[in-house]
Amino acid sequence: MIEPVANADTNADIWRPHVTVACVIADGDRYLMVEEEVKGQLAYNQPAGHLDDGESLLDAAVRETLEETGWTVALEHLIGIHQWRSTEHGDAVIRFSFAARALRHDAARPLDTGIQRALWLTRSEIAALGDRLRSPLVLMSIDAWLAGQRLPLNALGYLPDHDAALPTGKTV
């Protein structure tokens, strides 16, 4: 039996995972990480965050990295798309992990609320953090990168909001 689709006026029956982006940024054998306060505890993550409405995945990854670390980066590859149920909030997460190259750092730029600092750590130092990692996706994306997993960025398409793409005064 096919279940009826929920009424468009009620969104309770529609599953909505958190869509997030993250960047693996390597400098030799070190990776750019953030130390952040999560529910009163320090946690470690790659520069990462949520996709904003109307934003491309690529733009979100660059923005989140800048906001959380002060580093401007150039995305080079899509590493993978990872699905996970967060132990922090219990919701499903779909995370797009990117490989990026650090271009320049603005040490004077204020970091996002909750971010204590940006730091460079080796893979073994990151693994040693254990349950202080924000999620298992941190090591999963580093290990995928180390294994050579690289997908072209153009594998991800983006069509801006329809109205934004129309010339002024035009309607469809």
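1. Helix H3 (residues 137-146) has these buried residues: Leu 137, Val 138, Leu 139, Ser 141, Ile 142, Ala 144 and Trp 145. Buried means under 20% relative accessible area, exposed over 50%, and partly exposed in between, with a 1.4 Å probe and protein chains only. Because 7 of its 10 residues are buried, H3 is largely enclosed by the rest of the structure. The cover over those residues includes S1, S2, S3, S5, S6 and helix H2 (123-128). Gly 148 follows H3, and its phi is positive, near 90°.

2. The model is predicted: local features need pLDDT of at least 70, side-chain atom pairs count only at pLDDT 80 or more, and totals for chains, interfaces and linings use all residues. Numbering runs from 1 along each chain as its sequence is written, and side-chain values use heavy atoms, with hydrogens and water left out.

3. The overall layout comes next. The protein has 4 helices and 7 strands. Helices (H or I, at least four residues) and strands (E, at least two) are DSSP runs, numbered from the N terminus. Along the sequence the pattern is β-β-β-β-α-β-β-β-α-α-α. Of the 172 residues, 40% are buried. Among contacts with a separation of 6 or more, 71% come from residues 24 or more positions apart. Contact means heavy atoms within 4.5 Å.

4. Two aromatic pairs are counted in the model. Rings of Phe, Tyr and Trp (its six-membered ring) pair if their centres lie within 6.5 Å; planes under 30 degrees apart count as stacked, over 60 as edge-to-face and the rest as tilted. Tyr 31 and Trp 145 are edge-to-face, at 6.0 Å centre to centre and 85° between the planes. Tyr 31 lies in strand S2 and Trp 145 in H3, so this pair ties together parts that are 114 residues apart in sequence. Tyr 31 is buried, at 4% relative accessibility.

5. Trp 71 and Trp 120 also pair edge-to-face, with ring centres 5.8 Å apart and planes at 90°. Trp 71 is in strand S5 and Trp 120 in strand S7, so the link spans distant parts of the chain, 49 residues apart. Trp 71 counts as buried, at 17% relative accessibility.

6. Helix H1 (residues 57-69) has 13 residues. From first C-alpha to last, H1 reaches 18 Å, close to the 18 Å expected at 1.5 Å a residue. That expected span is 1.5 Å times one less than the number of residues. Its buried residues include Arg 63, Glu 64 and Glu 68. The buried residues of H1 pack against S1, S2, S4, S5, S6 and S7. Gly 70 follows H1, with a positive phi near 80°.

7. Is Pro 47 buried or exposed? Pro 47 is buried, with a relative accessible area of 1%. Pro 47 sits in the loop between S3 and strand S4 (48-50). Leaving aside residues up to four places away in sequence, Pro 47 touches several others, including Val 21, Cys 23, Leu 32, Thr 65 and Glu 68.
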